[in-house]
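Here is a short briefing on one protein model. Look at the sheet first, then the helices, then the loops and surface.

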Amino acid sequence: MKRALGIDIGGTKIAAGIVSESGELLRRVEVESEPADRERMFKQVAIAAEQALKGTSLSDLAGIGVGVPGKVDRENGIAIFQNNLPWQQFPLTARLQKHFGIKSITLDNDVYMAAFAEWKTGQGRTNETFVYVTISTGIACSIIHHGDFIRGAGFAGELGLIPVLSKMGNERLETISAGPGIQKIAGIPTKDVFSGYINGSKEFQSIIGEMTNHLAQGLYSISSLLDPHRMVFGGSVIVNNPFLLDLIKEKLKIYQLPEQQHLLDQMSISTLAQNNGVVGAGLRVFEDI
């Protein structure tokens with residue numbers, strides 16, 4: 001059975017795992033990130049990879065797939081820019097090749113890796129437009145149209161940068177609807193906001209109501225521009241609070257014309273949860289798009 005090492009790099013944690021060609025996650029490990037220093041950060045990536053590889057020979061690997069936040073130069077293997085990592089213009093592919101002695105390294109944006117996992121394991125069709133949206137520490141999306149990513153000039157999918165109308169005026173979606181934004185507005189940890197909402201607190205109901213309205217505004221831009229066939233949501237905020245999907249649908253429907261509302265029945269939450277980045281990175285080793 002062919003295997004690949006998938007690595008999902010974030011500002012808080014690094015997940016790594018062994019992935020089969022069919023998308024089965026055979027082993028997974030997680031270590032903390034070290035975002036204050038570029039070399040310590042790389043060392044943590046190497047540690048995560050080495051732990052995931054225990055029991056697997058390097059000779060059995062088809063290659064290594066790596067998802068990293070921000071803008072990536074895939075051809076030259078360079079992590080160009082990230083908001084939450086110290087790796088501006090970091091030659092990640094070359095460093096991994098040198099460390100592990102493996103030539104086959106597939107590097108891409110982390111959201112694109114997760115999107116590929118959702119599309120591939122969900123029996124994605126080459127005649128559809130598929131959108132993956134992550135709501136977590138940040139907000140972003142990735143689009144697969146007829147089997148290929150829509151990349152633009154290299155920075156496509158930054159949904160979180162879209163301005164939406166809020167009580168404070170026009171704000172970027174990410175600053176008021178991602179995890180840190182919710183925490184800043186409420187003044188308490190985001191998980192406590194959701195707990196308060198579930199327990200019926202009017203204050204937290206108002207915050208979540210505003211958050212989901214903002215998300216609906218951002219998603220309506222996707223609905224209008226792309227008219228996608230399917231949309232899958234991932235990221236800790238929505239995976240851990242699946243009730244958000246129904247709230248988002250209710251508010252998105254208000255904006256949509258009847259001809260756009262077919263999307264509402266094709267919106268779902270990831271079944272891969274926090275593993276989609278690792279699985280997608282591993283799968284991309286076998287099939288690059």
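Which residue in β7 does V68 stand opposite? In this predicted model, V68 faces N109 of β7.

**Sheet**
- Five strands form an open sheet in the order β3-β2-β1-β4-β7. Its pairing is mixed.
- The edges are β3 (25-32) and β7, and each of these pairs on one side only.
- On average, neighbouring strands of this sheet are turned by 15 degrees against each other, direction ignored.
- Strand β4 (residues 61-68) pairs with β7 in the parallel sense, over five bridges.
- In general, the strands of a sheet pair through backbone hydrogen bonds, either parallel or antiparallel.
- V66 has L107 of β7 as its bridge partner.

**Helices on the sheet**
- Helix α2 (residues 92-100) packs on the sheet and touches β1 (3-9), β4 and β7. The direction of α2 makes about 145 degrees with that of β7.
- Helix α3 (residues 110-121) lies across β1, β4 and β7. It runs at about 105 degrees to β7.

**Burial**
- Why is strand β7 (residues 105-109) largely enclosed by the rest of the structure? Five of its five residues are buried, so the rest of the structure largely encloses the strand.
- Buried here means under 20% relative accessible area.
- Helix α10 (residues 276-286) is also largely enclosed, because ten of its eleven residues are buried.
- The buried residues of α10 include N276, R284 and V285.

**Positive phi in loops**
- Most residues other than glycine have a negative phi.
- H146 has a positive phi, near 50 degrees. H146 sits in the loop between β9 (139-145) and β10. H146 is partly exposed, with a relative accessible area of 43%.
- D227 also has a positive phi, near 45 degrees. D227 sits in the loop between α7 (202-226) and β13 (230-234). D227 is partly exposed, at 38% relative accessible area.

**Surface patch**
- Which residues form a nonpolar patch on the surface? They are F81, F155 and L161, with about 250 Å² of accessible area together.
- L161 belongs to the loop between β10 (148-149) and β11 (163-166).
- L161 is partly exposed, with a relative accessible area of 33%. Patch residues need over 30%, so L161 passes that cut-off at 33%.

Methods. Residues are numbered from 1 along each chain as its sequence is written. This is a predicted model: local features need pLDDT of at least 70, side-chain atom pairs count only at pLDDT 80 or more; totals for chains, interfaces and linings use all residues. Side-chain values use heavy atoms; hydrogens and water are left out. Patches are made of residues with over 30% relative accessible area and no salt bridge: like charges are joined within 9 Å, nonpolar side chains (Val, Leu, Ile, Met, Phe, Trp, Tyr) within 5 Å. Accessible areas come from the Shrake-Rupley method with a 1.4 Å probe; for residues, only the protein chains shown count as cover. A salt bridge is a side-chain nitrogen of Lys or Arg within 4 Å of a carboxyl oxygen of Asp or Glu. Helices (H or I, at least four residues) and strands (E, at least two) are DSSP runs, numbered from the N terminus. Buried means under 20% relative accessible area, exposed over 50%, partly exposed in between (1.4 Å probe, protein chains only). Two strands pair if DSSP finds at least two bridges between them. Axes are lines fitted to C-alpha atoms, for helices over the stretch in contact, and angles run from 0 to 180 degrees between N-to-C directions. Contact means heavy atoms within 4.5 Å.
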